[in-house]
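The sequence and structure come first, followed by the computed values.

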Amino acid sequence: MKNKSFEEMDKSLMEGLKELREKKVPPVYLKGFSESIERKILDQEGKKSFVFEWPRFTVSVWVPALAVLVLAVTLVTHHPLGMRSLTEELSEEIDVIAELGEWSEEDESSLESFDESDLEALEVSYAGNAGRNRLA
Amino acid sequence: MEETIINEKLLLERARSGDLGSFSALVQAYQQRAIHTVYTIVGNYEDARDIAQESFVKAYKQFQSFREESRFYTWLYRILVNTSKDFLRKKKWGQAVSFWIGSQDEGDGETDPVARVESTARTAPEVLMDRELGARIFEALEKLPFRQRSVFSLRYLEGLSIEEIAESLAVSAGAVKANLWQAGEKMRKCLKGEKP
């Protein structure tokens, strides 16, 4: 695009379209134009103030509830017996059960042959240990 | 002239602080130019009036974004052009939809907004006026991409300077000239009956 040719084209179009440029908008389209805009603005402002009441009401009700919820979640996730330790315990239990495998007939029979005196001995030894612990 | 500028400044200050009366005075001062500008882009007065009204409502809402260093009418032109662009995009989409489903919904023409746009597109006096004042120019303009069309309209049908168009559309003066050149070439071919 040469600057001279642009200027020529620009000048000729400006002259050629002068009549169209100076054409006035028919008065029928201007009648009540600004009043209509005022009405639209006022209508929209009216709707806006009506909608504004809702969030204020909603916020006042839900803020304490949300605060309690956030506190509860924080407590659960940060407490030693919270979510993390619970999941760890659960996974350990799953590991132990996996190692033990399926409960068989042999396991059942070995339980039946369990001597109760062994259990008593265990209880005595446990009581003894507890006593030592207390003395210590 | 100086008095008018001072008055406009005062009206702008008041309108910015939310005075609707001052804003209405600005609307009355610019309504003729606003409708004419949109008319040169969309090609009919019914739509031009609706788009201009929508643009003024947008301008009132966005008054906080108006900066004193830019002129009010160049800022308003930007809103007018963008609103016209949205309108033409919706109209184009609507035409595509009505082309596909038109045969099924012929009876609903009165309630369908797209059909309403089509029915109000050109009234008889407008068609007659356009014929007198350059219907062929509007037909050729419709074939241009939106940027070229808006730049051409603002320059040759609205009389804005290259700098004012650049300010209104937030582009460089060089970009305005390039678009004007391309639009001018295509218009010349269209008006000669050649393919642009």
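The accessible surface of chain B amounts to about 10400 Å², and carbon and sulfur atoms hold 52% of that area. The model is predicted. Chain B has ten helices and zero strands.

**Chain B overall**

- The order of elements along the sequence of chain B is α-α-α-α-α-α-α-α-α-α.
- Chain B has 196 residues, and 45% of them count as buried.
- Among the contacts in chain B with a separation of 6 or more, 64% are between residues 24 or more positions apart.

**Packing of H8(B) and H9(B)**

- Two packed helices are described by the angle between their axes and the distance between the axes.
- In chain B, helix H8 spans residues 146-157 and helix H9 spans residues 162-169.
- The axes of H8(B) and H9(B) are 10 Å apart, and the packing angle is about 135°.
- H8(B) and H9(B) are therefore oblique to each other, since an angle has to be over 145 degrees to count as roughly antiparallel.
- H8(B) and H9(B) cross in a right-handed sense.

**Residues in the helix contact**

- H8(B) contributes B:Arg147, B:Ser150, B:Val151, B:Leu154 and B:Arg155 to the contact.
- From H9(B), the contact takes in B:Ile162, B:Ile165 and B:Leu169.
- Sorted by class, the contact between H8(B) and H9(B) comprises five nonpolar residues, two charged residues and one polar residue.

Terms used
Residues are numbered from 1 along each chain as its sequence is written. Chains are lettered from A and ligands numbered from 1 in the order in which they are written. This is a predicted model: local features need pLDDT of at least 70, side-chain atom pairs count only at pLDDT 80 or more; totals for chains, interfaces and linings use all residues. Side-chain values use heavy atoms; hydrogens and water are left out. Helices (H or I, at least four residues) and strands (E, at least two) are DSSP runs, numbered from the N terminus. Buried means under 20% relative accessible area, exposed over 50%, partly exposed in between (1.4 Å probe, protein chains only). Contact means heavy atoms within 4.5 Å. Accessible areas come from the Shrake-Rupley method with a 1.4 Å probe; for residues, only the protein chains shown count as cover. Axes are lines fitted to C-alpha atoms, for helices over the stretch in contact, and angles run from 0 to 180 degrees between N-to-C directions. Angles under 35 degrees count as roughly parallel, over 145 as roughly antiparallel, 65 to 115 as roughly perpendicular and the rest as oblique. A crossing is left-handed if the near helix is turned anticlockwise from the far one by less than a right angle, and right-handed if clockwise. Ala, Val, Leu, Ile, Met, Phe, Trp, Tyr, Cys and Pro count as nonpolar, Asp, Glu, Lys and Arg as charged, and the others, Gly among them, as polar.
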